[in-house]
Amino acid sequence: MAIKKFAVAAYDDEEVLFPAVKKVRNSGYKLHDVYTPFPVHGLDGALGLKETDLHIAGFIYGLCGTSTAVGFMSWIFLSDWPVNFGGKPHFSLPAFIPITFELTVLFAAVGMVLTFCYLNQIMPGVKKHVFHPRQTDDLFLIVLEINDETSEQEALDYLKSTGAIETNIQVAESEWWYGRWDKKEAYELS
Amino acid sequence: MNERFQVPARLRNMSLALIAVGIITLLVGVFTLLGSNNADHTLQHADKTRFWAVLLQNAVFFVMICTVSVFIQAASTLAQGGWIVAYRRVPEAIGANVWIFGAIAAVVLLCVAFVFNIDGHNPIYHWVHPEGDNILMGKKAFLNPYMFAGFTIATVSLWAFFGRKFRSLSLAQEKAAKNSTKIYWNSMKWAGGFLVVYALTQMSTTPWMWIMSVQPHWYSTMFSWYTFASAFVSGMSLILLFVIYLKNQGNLELVTKEHMHDLGKFMFAFSIFWTYVWFAQYMLIWYGNIPEETIYFKLRQQGPYSILFYAIFIINFVMPILILMARPSKRNYFTVTFMAMLIIFGHWLDFYNMIMPEPLGVNWHLSWYEMGIFAGFVGVLILSVATTLSKSSLVPTNNVLLKEAVIHQS
């Protein structure tokens, strides 16, 4: 959680945004994030985002599901409450497979959704600073981080030169926070 | 761009050598197996049965995996899938050669049904002589030699016709006016037609006729779907092998790792789909525990075929899921090539295990005859597909979806 200073540039066209993103990445400014109203194909490549490790988490959740199912059913049918089903052995793996499969899928799916939400900071009740009211409507935003050594005016001019229709400087919470919108002030004052 | 593919002398010689191996094996088989004069009558009958059963297995397996190429073209045409266009000539070339394997399969199947006979009964297709067997008499309306002959000929001619039709449509598109979509919409109608044909043959009735009727007292409603899954995953692996071969020759520059990744996903996903269907069939029979049904798995799981039963499970499920799960392995040429070959072999074994237990019992072999016939079929496949590939440009430059194929990202 940190209050930071940002230079915000709004673009009204995807075609302008792509070269702008490339220029900003090469310029040496610290890119905070890019906000678009819809998923833009190829933007993750242009931003140089690295491949997510979410699927590794999914594999681990799946393994947890598999072992939970097999372990739990084995415990039930071997020691807790052994029942004779049509003369089958108590530990009959084929009968366990469907439930094992379902629990593997369930654990992997639910775990991955929650992890995805956590990584993207989109849990219910989580608040984030909105840089521009139209960032979910029709504008594309590039947000740069400004530190002590950056000249604000230079950054704004640079963003203008890449084709931005609107630029400004904002001081805001850079991470998410939990709770009411007005808690933001508490963060910003602290 | 390197659009033209010349069949390299090495490939031609290799496939001709494989065909020669196949023909020599067949001839040796005619004299030693079909003309077996073993004093022990059981072994003599087993030799004769082995001769036909292996031919039946290979003929059915190869015609089915080649027809998958026709199916994937039809499915991607209807779904307007663009990425397949980058290597579309490969399934087209395999599909255009379905007629060769269809003809071989028809000859073998008709010989097995009509010619093969030991002392007035047919060891592979018992239903040819149903007299004295109430169950087979009850199935006589469907399982009889004339129905079988008509069905086989209709199936293979329809598959062969559509295989050639899709290729001719695609080649006609090359000659059509730039950006003309007339043939594109026309091929969509043919694709819809083929899917109906395919659903009524490969996905339902044909495996009953050709394979399930080897054990005519037993039936499973999952069987055709299971056979289709087997054929589909090996058919996709076959396409992938040809694509990689062409890339190694410097062709198919439009095919990138993105396309390979998606083909790898097909292999991975349909290996799991195969296991899903296989297990659905197995578990219901295991759970129900009805003797008429469990007899099928009694022979395979606990009888002399148990080694094959578990080997197939490991090759077709455990290895693909563990090796192909990670993203880097689907983008690695060596891994996907190795897995494609392994999957084709695994499903060939699966077809072996579907057909052999009833006619052969304990007298099964997996030696020179099986491998020789397999090699012969592989040789025919390589030579015919390579020849077809060399006949036209490998890049469908006039295809309306080409741009989608070029910019494809998996």
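This is a predicted model: local features need pLDDT of at least 70, side-chain atom pairs count only at pLDDT 80 or more; totals for chains, interfaces and linings use all residues.
Chain B is built from 16 helices and zero strands, and its C-alpha trace spans about 65 × 45 × 40 Å along the principal axes. Because a compact globule of 410 residues would have a radius of gyration near 22 Å, the 22 Å found for chain B agrees with that expectation. Of these 410 residues, 44% count as buried, and, among the contacts in chain B with a separation of 6 or more, 82% are between residues 24 or more positions apart.

The largest nonpolar core holds 118 residues, and those touching the most other members are Leu56(B), Ala59(B), Val60(B), Val63(B), Val243(B) and Met267(B). Helix 2 of chain B, residues 41–78, supplies the largest share of this core, with 20 residues. Leaving aside residues up to four places away in sequence, Leu56(B) touches Val108(B), Leu109(B), Val112(B), Ile124(B) and Ile355(B). Another core, of 22 residues, lies apart from the largest one and includes Val34(A), Phe131(A), Leu139(A) and Ala155(A).

Helix 3 of chain B, residues 89–96, has eight of its eight residues buried, and it is therefore largely enclosed by the rest of the structure.

Key. Residues are numbered from 1 along each chain as its sequence is written. Chains are lettered from A and ligands numbered from 1 in the order in which they are written. A nonpolar core is a set of buried Ala, Val, Leu, Ile, Met, Phe, Trp, Tyr and Cys residues joined through C-beta atoms within 7 Å. A residue is buried if 20 or more other C-beta atoms lie within 10 Å of its own, exposed if 12 or fewer, and partly exposed in between; C-beta atoms are placed from the backbone. Helices (H or I, at least four residues) and strands (E, at least two) are DSSP runs, numbered from the N terminus. Two residues are in contact if their C-beta atoms, placed from the backbone, lie within 7 Å. The radius of gyration is taken over C-alpha atoms; the globule rule is 2.2 Å times the number of residues to the power 0.38.
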